[in-house]
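Thanks for coming. I will go through one model this morning, starting with its sheet and ending with a pocket.

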Amino acid sequence: AEDTLRAEAALRRGLQTRGVPDAVYVDNGSPFVSAQLLRACASLRVRLIHSRPRRPEGRGKIERFFRTVRDQFLVEVAHTTVDDVAHLNALFSAWLETVYHRNTHSETGQSPLERFTAGAAAIRYPSAEELHEAFLWSEQRTVTKTATVSLHSNLYEVDPALVGRKVELVFDPFDLTRIEVRWAGRPMGVAVPHKIGRHS
């Protein structure tokens, strides 16, 4: 499936493996125009560039790569028993690292890995903290008169000093138990799940 979570997971793995690029070039599909991806790129100081609609020429390199995958990897894997997606991903990673990245390219005269490592001195690898911060999601909410905010059908209590103010809620989409509250770029504590008790 092509959605924001999977696009971010792929980008995150690529950043860990190959470092932070100057720019990311993507098409205009919904995962690539999401606020979450824009925040991740901005946090890592990466330019997010979208290809022009109805102009496929700019996407030729990736289309050529997909053709190579179909002609080489998928033909090979068709004669193998694949148990699940994790097994398929392991086979793909092995093919990518041992075959694709090491074959000499007809135009450059170098393998993709040689060409990439030629500029290795300039590669910046993100720290675990940078990656964690970059891939947190962010939502804007206005704090109610009862010092609460709503997020994904859950109600959270925040600092009463924030009543009436627009705050930023920063969270891991897979863990809504810890939500950091920020106002004007400053941390303002953690949102606490609201529990309604008996009043009488």
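How many bridges join β4 to strand β5, and do they run parallel or antiparallel? Four bridges join β4 to β5 (residues 154-157), and the two run antiparallel. Helices (H or I, at least four residues) and strands (E, at least two) are DSSP runs, numbered from the N terminus, and two strands pair if DSSP finds at least two bridges between them.

Before going on, the ground rules. This is a predicted model, in which local features need pLDDT of at least 70 and side-chain atom pairs count only at pLDDT 80 or more, while totals for chains, interfaces and linings use all residues. Residues are numbered from 1 along each chain as its sequence is written, and side-chain values use heavy atoms, with hydrogens and water left out.

Back to β4 and β5. Serine 150 stands opposite leucine 155 in β5. The hairpin has two residues between the strands, and histidine 152 there takes a positive phi near 50 degrees. On to β8 (residues 186-193): two bridges join β5 to this strand, again antiparallel, and glutamate 157 has valine 192 as its bridge partner in β8.

Now the whole sheet. It is open, has six strands in the order β3-β6-β7-β8-β5-β4, and its pairing is antiparallel. β3 (137-142) and β4 (148-151) stand at the edges with a single partner strand each, so one side of each has no neighbour in the sheet. From one strand to the next the twist averages 35 degrees; axes are lines fitted to C-alpha atoms, for helices over the stretch in contact, and angles run from 0 to 180 degrees between N-to-C directions.

The C-alpha atoms fill a box of roughly 75 × 40 × 35 Å along the principal axes.

Last, the second largest pocket. A pocket is an open set of points on a 1 Å grid over the protein atoms alone, where a 1.4 Å probe fits, with protein on both sides within 12 Å along at least five of seven lines; lining residues have an atom within 4 Å of a point. Among its lining residues are Arg12, His132, Trp137 and Asp172. Helix α1 (residues 4-18) gives the largest share of the lining, four residues.
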